[in-house]
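Work through the following exercises with the sequence and the model open beside you, and try each task before reading its solution.

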Amino acid sequence: MSLPLRTAKQPLLDPYDLGDGLTLRNRVVMAPMTRARAENPELAPTELHSEYYRQRAGAGLIVSEGTWISAGAIGAVHVPGMYSEEQARAWGEVTSAVHAEGGAIFAQLAHTGAASHPDFHQGHLPVAPSAVNPGGKVFTPNGLTHVVTPRALSVSQIADVVEQYRSAAVNAKLAGFDGVELHAQRGYLIAQFLNPALNLRTDDYGGTAEGRARFLFEVIEAVVDVWGPRRVGVKFAPHQVLGESAEASPEVLAVHEYVAARLNDHPLAYLHLMMTRQPNVRVTAEQRLESLGLFRPLYRGTLIANAGLDQESGNAVIGEGLADLVSFAALFISNPDLPKRFEHRLPLADGDRETFYQGGPRGYTDYPPAAGVLAAPAVTSSAATTEHHGESL
């Protein structure tokens, strides 16, 4: 069965020059998503990962699931790392599979910080900017449990973590990635430094917006030293909240506004703006416009809009100049050839949420491409998103 012809022009399908010789085939980005398929002691990607990312290489850019920069960064089960030679070699198979399809892929580098648990660290406390319990629960090898009060990093230990980011960036380069993205969202370590409620430090890493952002910019400098500026992106979530609050505090927003403006001094690949407020709560059109209206003027580089977007609204924000690229998460799970479906206005399949994190190929590599969908009726999906381990689904 032949595909329907393209109808109206769609900005999402235009190519985009990301800089440093990297031209994206379209402006559809696959957002980082935890999928919990690294079920081995080495926490290395497997053949399943290679096939999963290969199937989705039609995206203009893929950002990998968050990868741990060190064993001390771990805070979720079956999530792959980027801190060992074995992991780097295994990731090399993934990047080769994506490149063979003409795709581009960045590695997201992550450290959980206080959002981890002693179960991941032989009983030792996780680290954080300050000894403040962020609240919430985490799924560990021993089951779902409350997070604990972490131990505060010393200045010398902060320097050690910065070097862990540098080392992970080197491994990502050895693995053949096209660049890296820094995970600075969802209550992970960098976001904890940016949050006045979690960062109570009175030294150079706290107290003011500049102090709270110091760790992030030291990490940026270390990673740019490995990759060059145009191959490093940052993803943050300025509106995400702790506890029962409906909106981020003015203090949190002020730090993120400071970061966005200061990023202009670093010619990065992009700023990836996650617009969600609360986990499992859909972003409204008004909230989306508020977020883009605030951060688009502040950051003059490439802006990726994330969360609460579908094909129509994604085309609109690019067409109106509010963003340069749009990232999609859950839609890529069940629609591996999402840009092709956008191009030909094909129906979108719903994903089986019961299989998102269960492991194995089911619900991971067994979603059919468009030809399979055309052969049988498909269910039209909503663009709803949820949160898990810092990645929007």
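**Exercise 1: a helix and its packing**

Determine which residues of helix H1 (residues 47-55) are buried, and which elements they pack against.

Solution. The model is a predicted one, in which local features need pLDDT of at least 70 and side-chain atom pairs count only at pLDDT 80 or more, while totals for chains, interfaces and linings use all residues. Residues are numbered from 1 along each chain as its sequence is written, and side-chain values use heavy atoms, with hydrogens and water left out.

Step 1. Helices are DSSP runs of H or I with at least four residues, strands are runs of E with at least two, and both are numbered from the N terminus. With buried taken as under 20% relative accessible area, exposed as over 50% and partly exposed as in between (1.4 Å probe, protein chains only), the buried residues of H1 are His49, Ser50, Tyr52, Tyr53 and Gln55.

Step 2. Counting contact as heavy atoms within 4.5 Å, these buried residues pack against strands E3 (28-30), E4 (61-68) and E5 (105-110), and against helices H2 (85-100) and H9 (330-334).

**Exercise 2: a buried arginine**

Solution. Step 1. Arginine 288 is buried yet has no salt bridge, a term that requires a side-chain nitrogen of Lys or Arg within 4 Å of a carboxyl oxygen of Asp or Glu.

Step 1. With Lys and Arg counted as positive and Asp and Glu as negative, and His and the chain ends not counted, the nearest side chain of opposite charge is aspartate 310, at 6.5 Å.

Step 2. Leaving aside neighbours within four places in sequence, arginine 288 is in contact with Met275, Val283, Gly308, Leu309, Ser313 and Val317.

**Exercise 3: aromatic rings**

How many aromatic pairs are there, and how are the rings of tryptophan 68 and tyrosine 188 arranged?

Solution. Step 1. Rings of Phe, Tyr and Trp (its six-membered ring) pair if their centres lie within 6.5 Å, and planes under 30 degrees apart count as stacked, over 60 as edge-to-face and the rest as tilted; the count comes to 12 aromatic pairs.

Step 1. Tryptophan 68 and tyrosine 188 are stacked, at 6.5 Å centre to centre with 25° between the planes. The pair links distant parts of the chain, 120 residues apart.
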